[in-house]
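Student: I have not looked at this one before. Can you walk me through a few parts of it?

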Amino acid sequence: MACLHDHSCEDHNCSSDFSLYKHIDFSKVVALNESVAGSVKSVFKAWERRLDTSEGLLESNEDDPELLVFIPFTCDVKIKSIAVVGGSGGTSPSKMRAFINREGIDFSDAQNMQPVQEWELTENLQGVLEYQTRFSRFQSVANLTLHFPENFGGNTTQIYYIGLRGEATQLRRDVVATIVYEVMPNPSEHKTKSDSGGGLSHIE
Amino acid sequence: MVLEATMICIDNSEWMRNGDYSPSRFQAQAEAVNLICGAKTQSNPENTVGVLTMAGKGVRVLVTPTSDLGKILACMHGLEVGGEANLPAGIQIAQLALKHRQNKKQQQRIIVFVGSPVKYDKKTLEAIGRKLKKNSVSLDIVDFGESDEGKPEKLDALVSAVNSSDSSHIVHAPPGPNALSDVLISTPIFTGDGDGGSGFAAAAAAAAAGGFEFGVDPNVDPELALALRVSMEEERARQEAAAKKAAEEATKQEASSSRDATMTEVERSSALPADDKRHQLTDDEAALLEQALAMSMDDVKSGSGAISDTAMSDPSVDDQDLALALQMSVQDSAKDSSESEMRKVVEDQAFVSSILTSLPGVDPNDPSVKDLLASLQGQSEKKEEEKKPENEDDK
């Protein structure tokens with residue numbers, strides 16, 4: 001399949017490159033102002049299926065083109081570029097603002113905060129355009145928030161596909177999960193030096 | 001078990017002084033708030049609840065979302081009623097309080113109690129609703145108290161503007177004998193969209209409704225319900241056995257102490273099957289008792305037939321013994337019970353006299369027999385009289 005990218009594609013295969021979707025933690029993907037709850041998950045798929053809308057698409061509410069997409073990853077990733085396929089008839093998003101490693105952003109936060117990077121998008125119905133990132137700033141991304149404030153004049157904003165190209169580093173940022181919490185102290189589990197023969201115990 | 005941060009907006013305006021909900025609108029509201037807080041914190045230990053008041057001098061946040069139920073209940077004390085409720089400001093400040101919640105993983109929910117008239121127009125409310133929906137905040141509204149025209153429609157419009165996939169609800173609670181909390185218990189506000197808080201809600205509903213037999217929900221406490229039912233059956237069986245004893249003593253006019261002994265033995269043996277029957281909690285228990293009755297009657301007949309020659313030898317003594325036994329059995333059945341088959345049988349004079357005639361050695365025209373029958377009738381009447389005052393006492 002021809003890539004139609006504006007760079008030479010011989011040395012890589014687009015479909016395998018846009019594979020960061022495999023590292024997305026789908027259970028925690030959230031979109032604000034989506035008309036159908038949970039439809040945002042259908043937007044992350046393999047590059048070959050980027051125009052396939054059989055599983056639904058992400059659409060904003062009536063008369064409100066803003067969309068906010070929160071994408072957590074299962075491990076830290078480095079993002080090289082982002083591809084966005086929008087809808088026709090003015091429903092494609094026209095701007096994209098990205099925030100990194102911030103949870104719980106809502107619209108007022110997104111509008112007031114300075115994004116890590118901002119792009120002007122064009123209508124990209126075939127999904128052949130990708131937008132490069134300032135790679136140095138996207139080196140260890142645990143979660144990515146994309147804010148689409150405007151579109152090309154449609155009533156709603158439709159997004160069929162969001163593709164992320166980059167590398168996964170296999171580093172996890174999870175909270176330590178194997179801690180055992182004590183409700184009551186159990187002295188037998190906390191042997192001090194005095195119990196086992198002597199010595200000065202000290203507080204560090 | 002949804003992880004949720006909830007802000008409850010309380011209406012403490014002047015309209016809350018009204019007493020159409022007992023004891024007053026404000027008290028009913030406070031109880032409902034306490035119940036909701038309990039339900040939320042129980043359904044998921046990491047849930048947080050916050051409270052703010054909408055009237056008074058202005059919208060005031062009493063406690064920011066916390067999982068400490070004691071803190072929430074404490075802040076409900078000493079609230080004063082007055083002023084006018086500012087609904088839009090209340091909702092917006094609730095939204096702000098939720099935005100700054102500590103655990104960003106929690107879903108956001110606002111529960112608003114609207115007891116005063118709503119003077120804001122539909123458009124403003126719908127705009128607020130859309131903003132909440134955009135930020136995926138769910139909204140529950142409890143419409144109670146003042147019901148001016150247009151208020152239900154405005155609030156309905158607000159909820160439908162916020163609602164996405166049925167996460168927001170509205171409850172219209174009319175004034176009446178039911179407490180506001182009881183009305184709310186069965187609504188989705190409590191049951192938390194079908195999961196989670198439903199256990200708490202079901203228990204509370206059962207306790208409050210009390211529509212179950214003996215006031216105990218068999219689902220919640222099966223052992224207690226069973227124990228209550230068993231003791232009720234036992235009492236009923238004992239009543240019938242005691243009444244049966246009385247009838248047997250009435251029918252047996254033989255006046256010998258030996259007959260007494262055999263009779264008491266027969267009674268005991270007839271009482272035993274009745275005792276065994278107690279443990280069967282079936283509906284044909286009455287039929288079984290009838291059988292036992294018939295059996296004992298047969299035994300009596302055969303027993304009396306064997307010793308018929310000593311009929312009426314010592315009428316006075318035996319009559320006294322009989323009377324004593326009768327009295328004792330009457331005293332035993334002190335409490336009232338439901339229909340006693342035996343009592344019916346006993347009271348049916350014709351039936352009794354037919355039994356007497358069938359017993360050899362018993363002459364129904366014998367004065368002592370007549371006396372005893374009369375006394376038995378008197379006892380039954382007395383029992384009925386006891387029944388009536390006891391019924392009145394019970395009520």
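This is a predicted model: local features need pLDDT of at least 70, side-chain atom pairs count only at pLDDT 80 or more; totals for chains, interfaces and linings use all residues.

Student: Fine. Where does Leu87(B) lie?

Tutor: Leu87(B) is in helix H3 of chain B, which covers residues 87-99.

Student: Is Leu87(B) buried or exposed?

Tutor: Leu87(B) has a relative accessible area of 6%. Buried means under 20%, so Leu87(B) is buried.

Student: What does Leu87(B) touch, leaving out residues up to four places away in sequence?

Tutor: Its contacts are Met54(B), Val112(B), Val114(B), Val118(B), Tyr120(B), Leu125(B) and Leu155(B), with residues up to four places away in sequence not counted.

Student: How far apart are Leu87(B) and Val112(B)?

Tutor: In sequence, 25 residues; in space, 8.7 Å from C-alpha to C-alpha.

Student: On to helix pairs. At what angle do H3(B) and H4(B) pack?

Tutor: The angle is about 10 degrees, and the axes are 11 Å apart. H4(B) is the helix of residues 122-134. Angles under 35 degrees count as roughly parallel, and H3(B) and H4(B) are therefore roughly parallel to each other.

Student: Which residues meet there, between H3(B) and H4(B)?

Tutor: From H3(B), Leu87(B), Pro88(B), Ile91(B), Gln92(B) and Gln95(B); from H4(B), Leu125(B), Ile128(B), Lys131(B) and Leu132(B). The residues of this contact are six nonpolar, two polar and one charged.

Student: New topic, H5(B). How many residues does H5(B) have?

Tutor: Helix H5(B) has twelve, residues 151-162. From first C-alpha to last, H5(B) reaches 17 Å, close to the 16 Å expected at 1.5 Å a residue.

Student: Which residues of H5(B) are buried?

Tutor: They are Lys151(B), Lys154(B), Leu155(B), Ala157(B), Leu158(B), Val159(B), Ala161(B) and Val162(B).

Student: And what covers the buried residues of H5(B)?

Tutor: The cover includes helices H3 and H4 of chain B, along with strands S4 (107-114), S5 (137-143) and S6 (169-172) of that chain.

Student: What about H1(B), how many of its residues are buried?

Tutor: In H1(B), 14 of the 19 residues are buried, and the helix is mostly covered. H1(B) runs over residues 25-43; its end C-alpha atoms are 27 Å apart, which agrees with the 27 Å that it should span.

Student: Now chain A. Where is Gln158(A) found?

Tutor: Gln158(A) is in strand S8 of chain A, residues 158-168. With 16% relative accessibility, Gln158(A) counts as buried.

Student: Which residues does Gln158(A) touch?

Tutor: Not counting residues up to four places away in sequence, Gln158(A) touches several, including Leu57(A), Glu59(A), Gly86(A), Ser88(A), Thr91(A) and Pro93(A).

Methods
Residues are numbered from 1 along each chain as its sequence is written. Chains are lettered from A and ligands numbered from 1 in the order in which they are written. Side-chain values use heavy atoms; hydrogens and water are left out. Helices (H or I, at least four residues) and strands (E, at least two) are DSSP runs, numbered from the N terminus. Buried means under 20% relative accessible area, exposed over 50%, partly exposed in between (1.4 Å probe, protein chains only). Contact means heavy atoms within 4.5 Å. Axes are lines fitted to C-alpha atoms, for helices over the stretch in contact, and angles run from 0 to 180 degrees between N-to-C directions. Angles under 35 degrees count as roughly parallel, over 145 as roughly antiparallel, 65 to 115 as roughly perpendicular and the rest as oblique. Ala, Val, Leu, Ile, Met, Phe, Trp, Tyr, Cys and Pro count as nonpolar, Asp, Glu, Lys and Arg as charged, and the others, Gly among them, as polar. The expected span of a helix is 1.5 Å times one less than its number of residues.
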